[in-house]
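Please look at the sequence and the structure first, and then read on.

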Amino acid sequence: MHRKVTVVGAGHVGATLAQRVAERGHADVVLVDIVEGLPQGMALDMQESAPILGIDTRVIGTNGYEETAGSDIAVITAGVPRKPGMTRDDLLKTNQKIVASVTEQLAKHSPNTIIIVISNPLDAMAQLAKHVSGFPRQRVVGMAGVLDTARFRSFIALELDVSVKDVQAYVLGSHGDSMVPLVGNTTVGGVPVAELIPPKQLDAIVQRTREGGAEIVNYLKTGSAFYAPSAAGAQMVDAILMDKKRILPCSAYLDGEYGINGLFVGVPVKLGAAGVEQIIEVKLTREEQAGLARCADEVRQLVDLMGLS
Ligand code: APR
């Protein structure tokens with residue numbers, strides 16, 4: 001029997017992610033959206049590429065949840081972007097309604113699924129998905145760190161003109177200013193990055209990573225990044241589907257780890273068939289620990305605003 005991956009939201013991130021997962025050929029893909037015809041058309045288009053790519057997986061588009069039943073993994077990308085005049089709180093409330101209703105449907109039709117949240121504000125939406133689904137913490141995880149780390153690694157590889165494969169790095173915490181890049185743990189071919197890039201350039205790379213999302217929005221004007229976010233989501237799907245037990249930075253529910261209780265924050269986790277199989281506690285500098293605590297405070301504020309605490 002084929003495995004099944006559901007992707008909710010057939011927008012830029014969702015459609016690209018569905019394509020990436022379908023093209024790997026490891027699982028059937030169900031694409032869900034509220035816009036009539038959109039997921040059906042995209043899914044059919046992807047399905048018609050299967051003979052060219054030589055893959056035998058099915059891609060189904062739907063406006064309902066019947067077809068999602070029994071999903072191994074469900075990825076939530078549904079939501080609205082921030083529009084002019086909209087405050088962060090307005091966005092939070094709108095996406096809260098969307099993510100809550102999507103989660104409810106997913107949990108109802110696939111009670112054993114593992115949920116990957118991509119909708120923003122990420123950590124808060126992951127917290128909401130856990131709250132609404134009632135799933136254990138192993139089965140709800142958010143995508144942020146893989147993307148931020150990919151941006152950081154890209155900039156370092158470009159700066160040094162080396163393969164991205166040889167750049168090892170971790171970016172913890174949340175997107176944006178509160179992001180915590182572990183510069184001390186970043187190596188290039190085993191050599192600490194601080195020995196290869198002067199402090200000023202390294203600071204500029206860290207800053208560019210923090211503003212990575214905004215840099216793309218400034219170019220695109222009408223939308224936000226989706227190639228790298230969907231690649232990051234697909235890597236997490238792979239880790240779970242193939243039980244790879246990858247160590248990846250993800251938003252996970254902390255229960256005392258890193259001194260944080262009852263909140264989703266970006267930390268390294270072991271991602272395998274059971275979902276978040278382990279929270280990895282790396283030794284942080286005092287500054288990094290304070291940065292992570294700041295992230296937790298920000299997430300708590302949003303969680304309070306949603307009335308979840
Ligand atoms: N159920 C299903 N789909 C929904 C719902 C819902 N209740 N509400 C909205 N959607 C769909 C929209 O119809 C749209 O097709 O979600 C899709 C969102 O797509 P885009 O606007 O293109 O947004 P995208 O760039 O894909 O980003 C999605 O991921 O990275 C985050 O910040 C980003 O929160 C955003 C999310």
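In which loop does Gly 11 lie? Gly 11 is in the loop between β1 (3-8) and α1. Helices and strands are DSSP runs, numbered from the N terminus: a helix is a run of H or I with at least four residues, a strand a run of E with at least two. Gly 11 has a relative accessibility of 36% and counts as partly exposed. Buried means under 20% relative accessible area, exposed means over 50%, and partly exposed lies in between, with a 1.4 Å probe and protein chains only. Gly 11 and Ala 293 are 282 residues apart along the chain, and their C-alpha atoms are separated by 33 Å.

The model is predicted, so local features need pLDDT of at least 70 and side-chain atom pairs count only at pLDDT 80 or more, while totals for chains, interfaces and linings use all residues. Residues are numbered from 1 along each chain as its sequence is written, and side-chain values use heavy atoms, with hydrogens and water left out.

**Overall form**

The protein contains ten helices and 14 strands. Its C-alpha trace spans about 55 × 45 × 40 Å along the principal axes. The radius of gyration of the protein is 19 Å, which agrees with the value near 19 Å for a compact globule of 309 residues. This radius is taken over C-alpha atoms, and the globule rule is 2.2 Å times the number of residues to the power 0.38. Of the 309 residues, 50% count as buried.

**The ligand**

The ligand is surrounded by 18 residues, and the closest are His 12, Val 13, Asp 33, Thr 77 and Asn 120.

An oxygen atom of the ligand lies 3.0 Å from a polar backbone atom of His 12. For a polar backbone atom of Val 13, the distance to a ligand oxygen is 2.8 Å. Asn 120 takes part through its side chain, where an N or O atom is 2.7 Å from an oxygen atom of the ligand. On its own the ligand exposes 740 Å², and the protein buries 83% of that. These areas come from the Shrake-Rupley method with a 1.4 Å probe; for residues, only the protein chains shown count as cover. The elements that give two or more residues to the shell are α1 (12-24) and α4 (88-109).

Asn 120 is also joined to Pro 121 by a cis peptide bond, with omega about -5 degrees. Pro 121 is in the loop between β5 (114-117) and α5.

**Salt bridges**

There are six salt bridges in the structure. A salt bridge is a side-chain nitrogen of Lys or Arg within 4 Å of a carboxyl oxygen of Asp or Glu. The table includes three of them.

| Pair | Closest N to O distance |
|---|---|
| Glu 257 and Arg 137 | 2.9 Å |
| Glu 215 and Arg 208 | 3.0 Å |

Salt bridges with shared partners join Asp 243, Lys 245 and Glu 277 into one network. Asp 243 is not a glycine, but its phi is positive, near 50 degrees.

Is Ser 251 buried or exposed? Ser 251 is buried, at 1% relative accessible area. This residue belongs to strand β12, and a polar contact of 2.7 Å joins its side chain to that of Asp 123.

Technical notes. A residue is near a molecule or strand if one of its heavy atoms lies within 4 Å of it. A polar contact is a pair of N or O atoms within 3.5 Å; within protein, one must be able to donate a hydrogen and the other to accept it, and residues adjacent in sequence count only if both atoms are side-chain atoms.
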